[in-house]
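This report looks at helix packing and at one residue's surroundings. The structure comes first.

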Amino acid sequence: MLSRLAEERATGVLTRDRGVLYLVEGQVVHAESPATPGLDILLTSRGALGSDGWWEAVSEAGAERRVGRFLVDSGQLAEGALELCHLGALYDAAFFTLGASSGPARFRYGVAHWIGPVRPVTVDAVERETLRRRALLHRIWPDPDTDTAELVRTARAVDAALPPRQRTVLDQVDGERTVSDISRVLGRPGFHTLVDVRRLAAAGIVTTRARTVECRAPETTAPPVSPLSPVSTATAQAAQAAQASADPDVALLRRLRDALEAL
């Protein structure tokens, strides 16, 4: 559908379950998603723009759909800074908007966003970047459960060499917040937080609250058994994961990682 809209040089808004894309003459000019902070939060939380300045621009130029232009012309934001931040927010929101969805996509012709023109991006560029990001996440850690679920810390000790950005994200993991919640608290693009959380999951430091509950087996008195060698233990855990999980690839990776790190 998006490719067809690009071919016909359509102007309007494409709506999906997790966000919207605004098009002007077949190019993407803006994107928004509840899964990631908007341009206003990204600008004001980093100190590039004061909150009063943002709302002044919306009030003065929102009806004319030229908020971006007002920020530059009034001297509150350099044009290059606006373009850079806007592009980052656009690609970030487009990534979530174009993710897997069970609902229909709808397009309303003629609808424009009040931010106004900043820097249009081709549909091909948006699709390429979305696919690149999906591949990156899969390479880091193939289990997508941590992307949307409530996150908890595991009992694994945190290495002192943990990068500051990941440590900042880890500090926000409280058993209730999701990746989107953490992104809003930190004023950070949602995809960047996804990357950090998947790296923390791959390191065994973070998991989902639902998985933690599932792993709490009832206490039973087990009969005595002969001790296994470390290698045998790792093999046994991998075999058990393959039988118990509907997604054996992910379970095998997790169990093998835990067992081998314990050697």
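At what angle do helix H6 and H9 pack, and how far apart are their axes?

## Basis

This is a predicted model: local features need pLDDT of at least 70, side-chain atom pairs count only at pLDDT 80 or more, and totals for chains, interfaces and linings use all residues. Numbering starts from 1 along each chain as its sequence is written, and side-chain values use heavy atoms, without hydrogens and water.

## H6 against H9

Helix H6 (residues 123-140) packs on H9 at an angle of about 20 degrees, and the axes are 9 Å apart. H6 is therefore roughly parallel to H9 (angles under 35 degrees count as such). Axes are lines fitted to C-alpha atoms over the stretch in contact, with angles from 0 to 180 degrees between N-to-C directions. Helices are DSSP runs of H or I, at least four residues; strands are E runs of at least two.

H6 contributes Arg-133, Leu-136, Leu-137, His-138 and Ile-140 to the contact (heavy atoms within 4.5 Å). H9 contributes Phe-191, Leu-194, Val-195, Arg-198, Arg-199 and Ala-202.

## The buried face of H8

In helix H8 (residues 179-186), Val-179, Ser-180, Ile-182 and Ser-183 are buried (under 20% relative accessible area, 1.4 Å probe, protein chains only). These buried residues fall within an arc of 160 degrees seen down the axis, so they line one face of H8. The arc is taken from the directions from helix axis to C-beta atoms. They pack against strand S5 (151-153), helix H7 (164-170) and helix H9 (190-202). Gly-187 follows H8, with a positive phi near 65 degrees.

## Val-67

Val-67 lies in helix H4 (residues 67-73). Val-67 is buried, at a relative accessible area of 0%. Beyond neighbours within four places in sequence, its contacts include Ala-57, Val-58 and Trp-114. Trp-114 is 47 residues away in sequence, yet 6.5 Å away C-alpha to C-alpha.

How values were computed: Buried means under 20% relative accessible area, exposed over 50%, partly exposed in between (1.4 Å probe, protein chains only). Angles under 35 degrees count as roughly parallel, over 145 as roughly antiparallel, 65 to 115 as roughly perpendicular and the rest as oblique.
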